[in-house]
Amino acid sequence: MLAVAPRNAALEIKLRDGLAAPRYSFFMHGTGLTPEILLRAYAEGLFPMAERRDDPALYWVSPERRGIIPLDHFHVPRRLARTIRQGRFTITADRAFSEVMRACAAPAQGRTESWINDEILRLYTALHGGGHAHSIECWQDGDLVGGLYGVRLGGAFFGESMFSRARDASKVALAVLVDGLKRGGFILLDTQFLTAHLARFGAVEVPRAEYLALLQRAISREAIWPFF
């Protein structure tokens, strides 16, 4: 088991979208983390974040209420469905994982900071090399214009971040991901937190205890990453 602080030691961390979420106060310098520890943490409902892009420290986060997208209730808005049918983007998987991560970490309109620091980049690139982290990319005229990345463990996929440089690009990537997860036998799509943007696609919040029960069922299940 990971050595984490008890719940009454929970603190608050400000997230980039202005929300505050409980976190365990367990602290670890980045040099002590390995991809293996990271996977163990995910299996226990924890994930790491940095407070700022230039801050080398990472914190374990375990929200009291967890965001998930029930795969069978994923909602595709009418306009997005039309965009998908029009085929505006070329979709790939795992072709530009590092580029997707760096794009997610880069400053964007309305957001100058990021929780993705160099240690996050190192750890998740290593997970990708080991087949435990994946990306979906959207291309337009040869340029990477949108995408997302996350971690795979059994029948659970943990969505980490997404970005968009063209209208609807990240939304198309999400729709492609959900379709693939359903085909591959996944049963849990973790979004960490619930935002108004994700709620449009059917995301909901569940209490930590309920999330942990869903998580244990999902990680004990075999699933196939369907994008080759």
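Me: At about what angle to β8 does helix α3 run where it lies across the strands?
Reply: Bear in mind that this is a predicted model. Helix α3 spans residues 97-105, and it lies across β7, β8 and β9 (156-164). Against β8, its direction comes out at about 100 degrees.

Me: And what is the strand order in the open sheet that holds β7, β8 and β9?
Reply: The sheet is open, has seven strands and shows mixed pairing. Its edge strands are β6 (90-93) and β11 (204-207), each pairing on one side only. On average, neighbouring strands are turned by 35 degrees against each other, direction ignored. Reading across, the order is β6-β7-β8-β9-β10-β5-β11.

Me: Let's zoom in on β7 and β8: how many bridges join them?
Reply: Strand β7 covers residues 133-140 and β8 covers 143-153, and the two run antiparallel. The number of bridges joining the two strands is eight.

Me: How do α3 and α4 pack: roughly parallel or roughly antiparallel?
Reply: Their axes are 10 Å apart and the angle is about 150 degrees. Anything over 145 counts as roughly antiparallel, which makes α3 and α4 roughly antiparallel.

Me: What is the handedness of that crossing, and which α4 residues are met by α3?
Reply: The crossing of α3 and α4 is right-handed. On the α3 side, the residues involved are Phe-97, Ser-98, Met-101 and Arg-102. Their partners in α4 are Ile-120, Leu-121, Tyr-124, Thr-125 and His-128.

Me: Which way do α2 and α5 lie relative to each other?
Reply: Helix α2 (residues 78-86) packs on helix α5 (residues 169-184) at about 85 degrees, with axes 10 Å apart. Arg-79, Leu-80, Thr-83 and Ile-84 from α2 meet Lys-171, Val-172 and Ala-175 from α5. Angles of 65 to 115 degrees count as roughly perpendicular, so α2 and α5 are roughly perpendicular.

Me: Last one: Arg-208 is found in α7. Is it buried or exposed, and how far is the backbone oxygen of Ser-62 from a polar atom of its side chain?
Reply: Helix α7 covers residues 208-219, and Arg-208 is found there. Buried means under 20% relative accessible area, and Arg-208 is at 6%, so it counts as buried. From a polar atom of the Arg-208 side chain to the backbone oxygen of Ser-62, the distance is 2.4 Å.

How values were computed: Residues are numbered from 1 along each chain as its sequence is written. This is a predicted model: local features need pLDDT of at least 70, side-chain atom pairs count only at pLDDT 80 or more; totals for chains, interfaces and linings use all residues. Side-chain values use heavy atoms; hydrogens and water are left out. Two strands pair if DSSP finds at least two bridges between them. Helices (H or I, at least four residues) and strands (E, at least two) are DSSP runs, numbered from the N terminus. Axes are lines fitted to C-alpha atoms, for helices over the stretch in contact, and angles run from 0 to 180 degrees between N-to-C directions. Contact means heavy atoms within 4.5 Å. Buried means under 20% relative accessible area, exposed over 50%, partly exposed in between (1.4 Å probe, protein chains only). A polar contact is a pair of N or O atoms within 3.5 Å; within protein, one must be able to donate a hydrogen and the other to accept it, and residues adjacent in sequence count only if both atoms are side-chain atoms. Angles under 35 degrees count as roughly parallel, over 145 as roughly antiparallel, 65 to 115 as roughly perpendicular and the rest as oblique. A crossing is left-handed if the near helix is turned anticlockwise from the far one by less than a right angle, and right-handed if clockwise.
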